[in-house]
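Here is a short briefing on one helix pair and a few selected residues. Please look at the model first.

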Amino acid sequence: MPQAIITLNAGSSSLKFALFSADGDDFNQIIAGKIEGIGTAPHLVAKDTGGKVLTEHRWRNGFNLTHEDFLRQLLDWIDDHLGGAELIGAGHRVVHGGAHFCQPARVTPSLMGALKALIPLAPLHQPHNLAAIEAVAAVRPHLAQVACFDTAFHHDQPAVATRLAIPRALSAEGVKRYGFHGISYEFIARRLKEINPVLAAGKVIVAHLGNGASLCAMQGGRSIDTTMGFTALDGLVMGTRCGSIDPGVLLYLLQHKGMTPEELSQLLYDQSGLVGVSGVSSDMRALLESPDPRAREAVELFTYRIAREAGALVSSLGGLDGLVFTAGIGENAVDIRRLVCERLAWLGISLEAEANARHAAIINAPDSRVVVSVISTDEERMIARHTIETLRTLV
Ligand code: ADP
């Protein structure tokens, strides 16, 4: 009997899901969907791979429905769309795997305990990721679950790239740079190996530019450095997060502005980045369309910091053969790719405007010394693959 896997990526107000069928080595996505507005006005849309809407639902007065309520209804709906396949597992995106979890892992009570202990390191994501696991366990206690970690891809970075310049005792407790977006980076590394094995073997920077944003320096398909660090706050300017910031600013806000740790956390995670600088929106599309000069300044800072961090990663790599753009902004925002590449012209990067405008797979000009590519990421597929491989290994 064909098997099926559901992937779940739970955020604070959204739950992305996808259904994959797996028949031997044949592995296909059947359905993708999202519940948005959890906690306010929940709204479900599920589509088949051709983009046809299979179901759409708004819950009236659904503001107090929990992940468990949604997952019960979603899994019942999925049962009717398995097409004869057996649902054998749920694979979850889990942002933080800490120092120990460098591979996808079957969910057990002891794993959950270890992952809960990491909540302070990823307060924006980890609690919601774990809530979805607990909700599935409550409504389908016999369904196998696998956690896939965003930190895992960076696990083998050289020690010097992960060390923070703080007293050793703190480093020994795990206060170090972990890196995130690893599920996306692993997907891109594999995809690049399929479509351009020579480039994949070289020195490549992948720019994952979505609401969260980071860069990863890869050599031979492995992460050697990345812009996010101890938490997903570090590095680039993001939709609502500040990125790298002088720690002295935080001391100033705590000691002289009387901010509480909670207020500071909210400022850094939710009120900074593009929305903080622009005062307009955290959404890149809205900023690019806005006539407000503050929106232009936010876009300028976003691209300036990408180029600055990319320069640092070129130094980590000792050169650069390729630059790959991915995620919502990286895959769609022609002007952002252009502005970043203009700032990196000193590396011998030049774009072909027409190829960039149509989001071609290769967008560099023929005389560019660096290959510039646009590759769609697919974290769901990566999670599904890991889930099925983990479950088959355990059988
Ligand atoms: P998440 O990190 O939540 O998965 P995504 O990868 O979906 O985010 O990226 C969301 C971002 O992509 C938003 O800032 C959105 O405005 C931006 N985006 C999506 N499409 C476009 C587009 N056509 N032009 C510019 N920005 C876009």
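Helix α1 (residues 67–79) packs against helix α3 (residues 126–139) at an angle of about 55°, with the two axes 9 Å apart. This is a predicted model: local features need pLDDT of at least 70, side-chain atom pairs count only at pLDDT 80 or more, and totals for chains, interfaces and linings use all residues. Residues are numbered from 1 along each chain as its sequence is written, and side-chain values use heavy atoms, leaving out hydrogens and water.

**Helix packing**

- α1 and α3 are therefore oblique to each other (under 35 degrees is roughly parallel, over 145 roughly antiparallel, 65 to 115 roughly perpendicular, the rest oblique).
- Axes are lines fitted to C-alpha atoms, for helices over the stretch in contact, and angles run from 0 to 180 degrees between N-to-C directions.
- On α1, the contact (heavy atoms within 4.5 Å) uses His 67, Glu 68, Leu 71, Arg 72 and Leu 75.
- α3 contributes Ala 131, Ala 132, Ala 135, Val 136, Ala 138 and Val 139.
- By class, the contact of α1 with α3 has eight nonpolar, one polar and two charged residues (nonpolar: Ala, Val, Leu, Ile, Met, Phe, Trp, Tyr, Cys and Pro; charged: Asp, Glu, Lys and Arg; polar: the others, Gly among them).
- Helices (H or I, at least four residues) and strands (E, at least two) are DSSP runs, numbered from the N terminus.

**Buried residues**

- Glu 186 lies in helix α6 (residues 182–195).
- Glu 186 counts as buried at 17% relative accessibility (buried is under 20% relative accessible area, exposed over 50%, partly exposed in between; 1.4 Å probe, protein chains only).
- The side chains of Glu 186 and His 386 form a polar contact of 2.8 Å (a pair of N or O atoms within 3.5 Å; within protein, one must be able to donate a hydrogen and the other to accept it, and residues adjacent in sequence count only if both atoms are side-chain atoms).
- Ser 281 sits in the loop between α10 (273–278) and α11 (284–289).
- Ser 281 is buried, at 14% relative accessible area.
- A polar atom of the Ser 281 side chain lies 2.9 Å from the backbone nitrogen of Asp 283.

**Positive phi outside glycine**

- Asn 61 has a positive phi, near 50°, and is not a glycine.
- Asn 61 lies in the loop between β5 (53–58) and α1, and is exposed at 68% relative accessible area.
- His 359, also not a glycine, has a positive phi of about 55°.
- The loop between α15 (353–357) and β13 (371–374) holds His 359, which is partly exposed at 35% relative accessibility.
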